[in-house]
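The stops below are given in the order in which to select them.

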Amino acid sequence: MKWSEWEPFYQYILEVMGYDREADKKAALLLRELLLKSKNYVSPIELKERIREQVYVFAPGPSLDGKLNRKFVGTLIASDGATSALLENNIIPHIIVTDLDGRFEDIKRANELGSIVVVHAHGDNMDKLRTYVPGLKNVLGTCQTEPLDIVYNFGGFTDGDRAAFLAEELGAKRISLVGFDFGDIVGKWSKPHLNTHALIWENKKKKFQIAERLLDWLRRNGRAEIIEI
Ligand SMILES: Nc1ncnc2c1ncn2[C@@H]1O[C@H](COP(=O)(O)OP(=O)(O)OP(=O)(O)O)[C@@H](O)[C@H]1O
Ligand SMILES: Nc1nc2c(c(=O)[nH]1)N=C(CO)CN2
Ligand SMILES: [Mg+2]
């Protein structure tokens with residue numbers, strides 16, 4: 001997705017969520033600086049090499065645990081906290097899409113085991129970028145503002161829908177969403193402090209509504225078939 005195509009969506013997100021565009025831009029520049037300093041970044045070409053026609057995107061919804069006792073043949077993309085559930089089932093994601101607010105020790109472990117980590121920069125995770133990015137390898141940086149030379153914007157907002165936009169951009173033909181439960185329960189894997197599924201909070205509900213609308217848009221305007229399993 002081109003920046004010019006994404007910008008109206010981003011403008012809407014700023015209005016609904018009340019984010020600060022300048023802080024988001026600053027975060028993208030910070031991520032760029034961290035990647036250049038750590039020399040731990042990969043290119044979209046290396047990421048594309050991992051994208052097969054069938055892509056599974058895992059989200060840490062309450063239904064996720066019950067869906068992992070089967071073989072998945074294709075590219076496995078974990079949305080942030082879903083990484084923990086996959087590792088618990090001895091599944092290593094090819095790619096993790098995160099804004100670094102899942103269980104970082106699991107993201108780190110998966111990264112050591114070969115996962116490429118697509119790290120998203122925004123105005124509310126700059127401290128996390130500083131703390132965690134230097135310790136990762138095979139990182140691809142993304143942002144929600146105008147892309148930079150090594151920080152990309154494939155579209156999407158929350159970790160889950162951003163993962164679907166990434167798969168679409170890199171050539172997936174079928175994107176299967178696993179554990180996407182955009183209801184009133186936030187899955188326990190979503191946040192380090194959650195040890196049970198939790199009732200959704202206002203801010204998260206808004207994010208889910210935006211994510212659902214973006215996925216619907218992608219279903220209607222993208223090339224890939226998008227299904228829920
Ligand atoms: N019931 C659910 N609980 C948690 N995540 C869900 C659920 N259903 C779908 N998802 C998707 O999985 C992603 C999990 O990522 P994560 O929990 O880190 O949230 P996030 O996108 O970082 O938002 P936040 O900033 O609130 O953490 C969500 O962004 C959302 O797109
Ligand atoms: N500024 C800002 N941007 C975001 C935020 C957030 O909390 N603040 N959360 C996101 C979910 O992945 C994606 N983008
Ligand atoms: Mg997250």
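**Stop one: N153**

Select N153, in the loop that runs between strand 6 (151-152) and helix 7 (159-169); helices (H or I, at least four residues) and strands (E, at least two) are DSSP runs, numbered from the N terminus. This is a predicted model, in which local features need pLDDT of at least 70, side-chain atom pairs count only at pLDDT 80 or more, and totals for chains, interfaces and linings use all residues. Residues are numbered from 1 along each chain as written, chains are lettered from A and ligands numbered from 1 in the order written, and side-chain values use heavy atoms, without hydrogens and water.

N153 has a relative accessible area of 7%, so it counts as buried (under 20%, 1.4 Å probe, protein chains only). Next, show the residues that N153 touches (heavy atoms within 4.5 Å): leaving out those up to four places away in sequence, these are M1, W3, W6, C143, Q144, T145 and P147. The N153 side chain is 3.4 Å from the backbone oxygen of C143, and a polar atom of that side chain lies 3.4 Å from the backbone oxygen of Q144.

**Stop two: ligand 2**

Move on to Q144, whose side chain has an N or O atom 2.9 Å from a nitrogen atom of ligand 2. The side chain of D124 places an N or O atom 2.6 Å from a ligand 2 nitrogen, and for D24 the corresponding distance is 3.0 Å. On its own, ligand 2 has 340 Å² of accessible area, and the protein covers 92% of that (Shrake-Rupley method, 1.4 Å probe).

Conventions
Buried < 20%, exposed > 50% of the residue type's maximum accessible area, 1.4 Å probe, protein only. Polar contact = N/O pair within 3.5 Å; in protein donor to acceptor, adjacent residues only side chain to side chain.
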